[in-house]
Amino acid sequence: MPRILRLFAVLWLAASASACRPDDGPPKDGPVVIGIWHQKDGGERAFFDRQVAAFNREHEGRIRIEPLWRETEELRNLFVIASVGGQGPDLIFGPSDNMSILALTGSVRPVTDVLPDTFLARFDSSGVLGWNGKQWLVADQVGNHLAFVYNKKLLPNVPETWEELLPQLQALTKDTTGDGRPDRYGLTWNYTEPFFFVPFLTGAGGWMMTPDGTPTLDTPQTVEAIRFVLDLRDRYKIIPGESDYNVAETLFKEGRAAAVINGPWAWAGYKDAGIDYGIARIPKMPSGRWSAPVTSSKGYSVNVNVPAWKIPYLRTVLEFLTGPAMQTAMADSLATIPTLPAVLNSPAVTNNPTLQASLSQVEVGRPMPLAPQMRQVWDGMRGPYQSVMSGSVSPEQGARQMQAEVQKRINDTFL
Amino acid sequence: MQSEATNTAERRQRSRFLFWMLAPTILIVLAVVAYPFVYNVVLSFSNMNLYHIRDWKVVGLGQYAAVFAEPNFWKIFGKTVLWTVVNVFFHVAIGVFLAVMLHQKFIKGKSAWRTLLILPWALPQYITALTWRGMFNYEYGAVNLFLGKFLNLSPIEWLTSPTEAFMAAIITNVWLGFPFMMVVALGGLQSIPEELYEAADVDGASAWSKFWNITVPMLRPVLIPAITLGTVWTFNNINVVWLVSNGGEPADQTHILVSYVYKAAFAMYRFGWAAALSLVIFAILFLFTQVFLRQTDATEPAY
C-alpha cells in the first residue's frame, strides 16, 4: 500500500476511534460538567450566574454547571450545527419558538426522557411545551412578551388608548437645547425588528400566518399597522428617527425616553440603571383592540447527544433551574411569570405589582405560533418592514413584500 | 553494483525522512482544507436543509440551478464586485500614498506615525466594525454630529437607507484595510535603490515623474500579490459588512455574496444551496486569481 494511503488509513481509524469513544460514565476525577447555552440577557443573566454559582458551591466536586451566553439567533443556529455534529452543550435555554426547529432537526430529545412525570405534572400548560406529539421544552417562565414600560417620574399613568396617550408623549418629547433635535422622546423601541411590530399588527386586527403556516401579511390590517407606526414617528414625532435595540435601551435607561416597549428580560436592567419604572399594557389601537404582543414561554431543552449516564445529573440540574425555589426567586428579582401554579398563586407573585401588570399584558397577548415556519416569517417580515421605515416603499408595498418574502423563504427552505 | 544499491537505500531513507517531516503539515491541510472542501462539494449536490439536515441525500445539480435562478444573485454579485473594487482601490491608493509620505526624509517621528497608522489594522475587526456602526447612528452617531456641527450638512440615514448603509460598510472597510497595503508598500519602498532617484534628479525629473516611472514599477512585484490577496480577502470579508449593516440591513440590501451564503446556511438552514453558492464564489475567485496573476506577470522577476 502506498505510504500516503497508509497515512489516510491511520487517520481514518484515529478519527473513527475518537468519534466512537464510549461514553461510559462520569469522570473519575472531578465533577460532572453540565453545559448550558442560554440567551438570558442583562439583569437576568447576572441573576442566573449568581444562581449557578450557588448551585456549583452546593454540589462542589459532584456537578458543575457551565453556562455560556449567546445571542438568540446565534444560540439556536450554533446549537443545531453542534448537535448535528454530535457535540454541543447538554442543555439549551431559549424562547419556545425555537423548539420546533430544534425538534425538526433532531437536535433535542424529549424532556420526558429526563424528567419524571411527577415533576412535569407540577407545571401548567405553559410550562411543558410540545410539538408534533412530543414534549421538548420545560419552561422556567412565561416571559417573552413585550409590554409598555414607563418612567414613573416622567409619565405617572398610562391610559388605555393610544389616542389618550399620544398628547402626553408629545408633551414629553422635548428639545431643550434648541438644536432642532429632541433631547428626550416620549417613547422608543427597537423598530428594526418585526417582533416589536406585532403588537401594532394585532392591534389593527392582523396576524402573521394561518395555523398551517401560510403567511397572512398582505392585508389592510398590516397596512394600517405600518401607517400607525410611521405616524408615531413622522406625524406625532414621539419616537426617534432611528432606533434599534441598543439605542432604545440607552435612551430609556438614561431618562432620555419616557417610555419603552420591551420585555421582561430587560426590566431588571432598568432597575439597576436607577429608573423607577412601571409596567402597563401596550395601549389600544384606534380599532379598539389591544396592541397584543406575542406571548411565549422560555425554557430548557435537552441535547439529543446527552449520554444515558448523564441523565440523573441533568435531572438534578433541571429540577433546580425550573423548580419552585428558582421560580419564586425569579419572580421576586426579575418579575418573570412562573410556570408552576404553586408559585404563580403564591404571595410572592400576587403581591408583586410589576408581575401583576406583566400578567395583565399576557392576558391580552397572542400565543407565539410554534410552527417552524415562524423562522421564515420573522426573516421575511424584517426586510420590508425596514424598507417601509426608511421610506423606500409605501405601506401597501411593504405589506405585499412581507407576504412575498415570507412565502419565498418558505418555498426556498425546501430546495 | 553495490554502490547503486547503497544509493537506492539512501534515497529511500531520505524520502522516508522527508515524508515524516511533511506528515504533520499534510495532516493539518487534509483536516482543515481538503476535508471541508470535499465535504462542501458533496453538500452542494445535496438537498440538505432544515427538513433534511440529518437524512440528506445527493440530488444532482439542482442547487446550482437554484443559485443562478435566485433573483438576488446577480444583484448581489454586482454589489460584491463594486464592494471589492472600491475597497481595494482605496486600500491601495491610501496605503501607497501614506507609505510614500512616510518614506520621505523630511517626515519627523516616522515610527510614531507608522504605529498610529497601523492601529486600525491592529484592532480586532469586530470592535472596529461595531464602533463604526455606533458612529453611523442617525441621531447620536459621531459622523452625523460632525457633518452637522462642522460642515453644516443635514444628517444622513447611514444605517437605514440601502445605499448609505452600503457606503457605511465600505468606509469602515477602507479604514480597516489601508494599513495592510501601507505596510506592504513601505516594505517595497525600502528595496528601491536610492541611486535610481539620484539619477532621475540629475535628469531633472519631477517628483510626479519619479513616482510613476520609478516608484510604481518597482512596487509592482510586492503590490500585485498584495492586491490579489486583498481582492480575495475583501470579496470574502463577511465581518465588516455583516457587523456594520447588522446582517444585511436594511431589508437585506447590503449583502455581498459571502454574507448571503452565511445567512442562507446559518439562519435559514439551506445548507445545500449555500454550499453550491460558496463553490460558485470559489470558482469566481479562482478564475480571477489565475487571470490577474497571468495578466500582470506577477510571478516574473522585477529586474
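Biologist: Among contacts in chain B between residues at least 6 apart in sequence, what percentage join residues at least 24 apart?

Modeller: This is a predicted model, in which local features need pLDDT of at least 70 and side-chain atom pairs count only at pLDDT 80 or more, while totals for chains, interfaces and linings use all residues. Residues are numbered from 1 along each chain as its sequence is written, and chains are lettered from A and ligands numbered from 1 in the order in which they are written. Two residues are in contact if their C-beta atoms, placed from the backbone, lie within 7 Å. Among the contacts of chain B between residues at least 6 apart, the share joining residues at least 24 apart is 66%.

Biologist: What is the corresponding share in chain A?

Modeller: The count again takes contacts between residues at least 6 apart in sequence. In chain A, those that join residues at least 24 apart make up 73%.

Biologist: How many helices and how many strands does chain B have?

Modeller: Helices (H or I, at least four residues) and strands (E, at least two) are DSSP runs, numbered from the N terminus. Read along the sequence, chain B gives the pattern α-α-α-α-α-α-α-α-α-α-α-α. The totals for chain B are 12 helices and zero strands.

Biologist: What radius of gyration does chain B have, beside that of a compact globule of 303 residues?

Modeller: The radius of gyration is taken over C-alpha atoms, and the globule rule is 2.2 Å times the number of residues to the power 0.38. The C-alpha trace of chain B spans about 70 × 65 × 30 Å along its principal axes. A compact globule of 303 residues would have a value near 19 Å, but chain B has 25 Å.

Biologist: How far apart do the C-alpha centres of the two domains of chain B lie?

Modeller: Domain bounds come from an automatic or database domain assignment. In chain B this gives domain 1 (2–38) and domain 2 (73–269). The distance between their C-alpha centres is 42 Å.

Biologist: Does Asn47(B) count as buried or exposed?

Modeller: Asn47(B) is placed in the loop between helix H1 (2–44) and helix H2 (62–69) of chain B. Leaving out residues up to four places away in sequence, Asn47(B) touches His52(B), Trp56(B), Lys57(B), Val59(B) and Gly272(B). A residue is buried if 20 or more other C-beta atoms lie within 10 Å of its own, exposed if 12 or fewer, and partly exposed in between, with C-beta atoms placed from the backbone. Asn47(B) has 21 C-beta neighbours inside 10 Å and therefore counts as buried.

Biologist: What percentage of the residues in chain A are buried?

Modeller: In chain B, 32% of the 303 residues count as buried. Of the 415 residues in chain A, the buried residues make up 48%.

Biologist: Which helix gives the most residues to the side of domain 1 of chain A that touches domain 2 of chain A?

Modeller: Chain A is assigned domain 1 (28–143 + 296–366) and domain 2 (147–292 + 373–413). Their contact takes 21 residues from domain 1 of chain A and 16 residues from domain 2 of chain A. Helix H2 (42–58), helix H12 (324–334) and H15 of chain A each supply at least two residues of the domain 1 side. The largest share, five residues, comes from H15(A).

Biologist: Which helix gives the most to the side of chain A that touches chain B?

Modeller: In this interface, 28 residues of chain A are in contact with 26 residues of chain B. Helices H1 (3–19), H3 (72–84), H16 (374–390) and H17 (395–413) of chain A each supply at least two residues of the chain A side. The helix that gives the most, with seven residues, is H16(A).
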